[in-house]
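The sequence and coordinates are shown first.

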Amino acid sequence: MDAIHIPNLANHPEQGISLEFNQLFEDLPSLTPVQGKVTVSHRGNYLEASTQANTIVTLCCDRCLQNYNHRLACDATEMLWLQDSELQLDQLPLSEDFTMDDVVEQLPENGDFDVQKWVYEQLCLALPQRKLCDPDCPGIDLPEPNPEDLLDRRWAVLKTLQSQLSDAEE
């Protein structure tokens, strides 16, 4: 996916573009190509970007340390503020679902929007924080320790002395 030049997007008839993709991302080690759709719309003083994407990635379980396959799905929308434009609150879709805090990222008004990088970032944010191969994963299967192995060898002399004292008492 190529970067979108923001002024060209503003001059586009619908002031937006939709792209479908089916490709591997270099920095995302996935088993299958990332499939999905991304829509970028120029809204005057901000861009509205949304994507639906999915792929299969191999993760390492945090409990048992075994690798497992995970279907990674992403459905994200983000408002990207254009730095050089004036703040015009009446043009923003201010509703109960949108606040100025939602506008986190900023782009230069005459710059480029790297679509592939943005989709990659959204996929990374969709990765599970706690990676479990199964909700009931028991963890690493450790062998039962031998009680003799648990003894600190520095106490061996005292153990010998204790057995000698018990033998003397009998």
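A nonpolar core is here a set of buried Ala, Val, Leu, Ile, Met, Phe, Trp, Tyr and Cys residues joined through side-chain atoms within 4.5 Å. The model under discussion is predicted.

In soluble globular proteins, nonpolar side chains tend to be buried together. The largest nonpolar core of this model has 29 residues, and the members that touch the most others are V40, L47, F113, V119 and L123. Two or more residues of this core are contributed by each of α1, β3 (34-42), β4, β5 and α2 (115-126). Strand β5 supplies the largest share, namely six residues.

The surroundings of V40 can be listed in detail. With neighbours within four places in sequence set aside, V40 contacts I4, L9, Q15, G16, I17, L47, E48, A49 and F113. Two of these partners, L47 and F113, are also named with V40 among the core residues that touch the most other members.

**Positive phi angles**

Most residues other than glycine have a negative phi.

| Residue | Phi | Loop | Relative accessibility |
|---|---|---|---|
| Q15 | about 55° | between α1 (6-11) and β2 (16-23) | 37% |

Q15 counts as partly exposed because its relative accessibility is 37%.

Key. Residues are numbered from 1 along each chain as its sequence is written. This is a predicted model: local features need pLDDT of at least 70, side-chain atom pairs count only at pLDDT 80 or more; totals for chains, interfaces and linings use all residues. Side-chain values use heavy atoms; hydrogens and water are left out. Helices (H or I, at least four residues) and strands (E, at least two) are DSSP runs, numbered from the N terminus. Buried means under 20% relative accessible area, exposed over 50%, partly exposed in between (1.4 Å probe, protein chains only). Contact means heavy atoms within 4.5 Å.
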